[in-house]
Amino acid sequence: MQQKVTKNWVTIGTGVIANELAVALESLNGKLYGVANRTYANAVKFAEKYGIEKVYNEIDEVFTDPAVDIIYISTPHNTHIHYLKKALAAGKHVICEKAITLNSEELEEALQLAKKNNVVLAEAMTLYHMPVYKQLSKAAENLGELRMIQMNFGSYKDYDMTNRFFNRNLAGGALLDIGVYALSCIRYFMSEAPSSMVSQVKLAPTGVDEQAGIVLTNDAGEMATVTMTLHAKQPKRGVIAYDKGYIEIVDYPRAHKATITYTEDGHVETFEDELGLDALAYEVLDMESTINTGVDHMHLEYTVDVMKIMTDLRREWGIKYPEEEEA
């Protein structure tokens, strides 16, 4: 595996993920080429922290800079499509924080722009790139038929309706923030996309989804359940059950370790990430490899399937964000 950055990366946004990206690039003997943020002063502070030379006065300057190869978008969900359209139209490769867009219609617009301009578009879904998942995918070939997947994700957030997790104007809610991880993991292991689903949802006072339970099935007879909440801690635990054994993954969004327990004799096989890089470092390496080789390592087809599930669920729940009401 290539372990050195070869492209010029720029972050739009200076929050937690942008900091993790900067650290990941440093672990790969590189650094961010530039930074842009809605608040210029925050961009300057971020640049000073990581020794970044290029600070853009305006975000739009990123798209016209010919030196920029890859743009990482880590702004709130509802702003993603705005920056995606500008970046892709400018011929920049883009990796965008999850959820990549608000809905399938926005994602389709971005996909068409990426295709037209011959650039790579990807969602920053860590689990698609962690070495443990690649090991598990190969091991699962010998486990027989997939039967059932169970995914939990519970995060305890202060019950403050003004923070981004519950804020409808910032596309808050459990589904786009944490449910996307569970659904992405399910799609990674399912042989085909779910074709039917049932669900129950509890709404927060702001009208966004606070917690939900979801059951998904596909035409191959594979079934999955998701439980998620923004106001109660749950282990980020996934169990993927096959005829001949079950996979168990703890902290599945960024798992460095997993086990398979075999049905016949109960013995346990452990899979570990020997490199132990930051989760975002694996995203960076796969993104650059995709650009350099033309071989897709970003699983955009899974992103499309997951976005359709989330779009359909929110329609079923009657949840619209302001941008969708204006459309």
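The largest cavity in this predicted model is lined by Ile17, Glu97, Ala124, Thr126, Tyr181, Arg254, Leu280 and Glu283, where a cavity is a set of points, on a 1 Å grid over the protein atoms alone, in which a 1.4 Å probe fits but cannot get out, and lining residues are those with an atom within 4 Å of a point. These lining residues divide into 4 nonpolar, 1 polar and 3 charged, with Ala, Val, Leu, Ile, Met, Phe, Trp, Tyr, Cys and Pro counted as nonpolar, Asp, Glu, Lys and Arg as charged, and the others, Gly among them, as polar. The volume of the largest cavity is about 40 Å³, a volume being the space filled by probe spheres set on grid points that are joined across faces, edges and corners. By this rule, 1 cavity of 30 Å³ or more is counted.

Residues are numbered from 1 along each chain as its sequence is written, and side-chain values use heavy atoms, with hydrogens and water left out. Local features need pLDDT of at least 70 and side-chain atom pairs count only at pLDDT 80 or more, whereas totals for chains, interfaces and linings use all residues.

An automatic or database domain assignment divides the protein chain into domain 1 (9–123) and domain 2 (128–279 + 306–324). The centres of the two domains, taken over C-alpha atoms, are separated by 25 Å, and their contact (heavy atoms within 4.5 Å) takes 19 residues from domain 1 and 19 residues from domain 2. The area buried between domain 1 and domain 2 is about 1600 Å², of which carbon and sulfur atoms give 52%; buried area is the accessible area (1.4 Å probe) that two parts lose on being put together, summed over both.

The largest pocket, an open set of points with protein on both sides within 12 Å along at least five of seven lines, holds about 960 Å³ of space. Its lining comprises 38 residues, of which Val16, Ile17, Ser74, Thr75 and Arg164 lie nearest the centre of the pocket, and at least three lining residues are drawn from each of domain 1 and domain 2. At least two residues of this lining are supplied by each of α1 (16–27), α4 (80–89), β7 (146–156) and α7, helices (H or I, at least four residues) and strands (E, at least two) being DSSP runs numbered from the N terminus. The largest share, 4 residues, comes from α1, and by class the lining has 13 nonpolar, 14 polar and 11 charged residues.

The axes of helix α6 (residues 131–139) and helix α7 (residues 174–189), as lines fitted to C-alpha atoms over the stretch in contact, come within 11 Å and cross at roughly 35 degrees, on a scale from 0 to 180 degrees between N-to-C directions. Tyr133, Lys134, Leu136 and Ser137 of α6 make this contact with Cys185, Tyr188 and Phe189 of α7.

In the backbone, the peptide bond from lysine 98 to alanine 99 is cis, with omega near -15 degrees, and alanine 99 has its place in the loop between β5 (93–97) and α5 (104–117).
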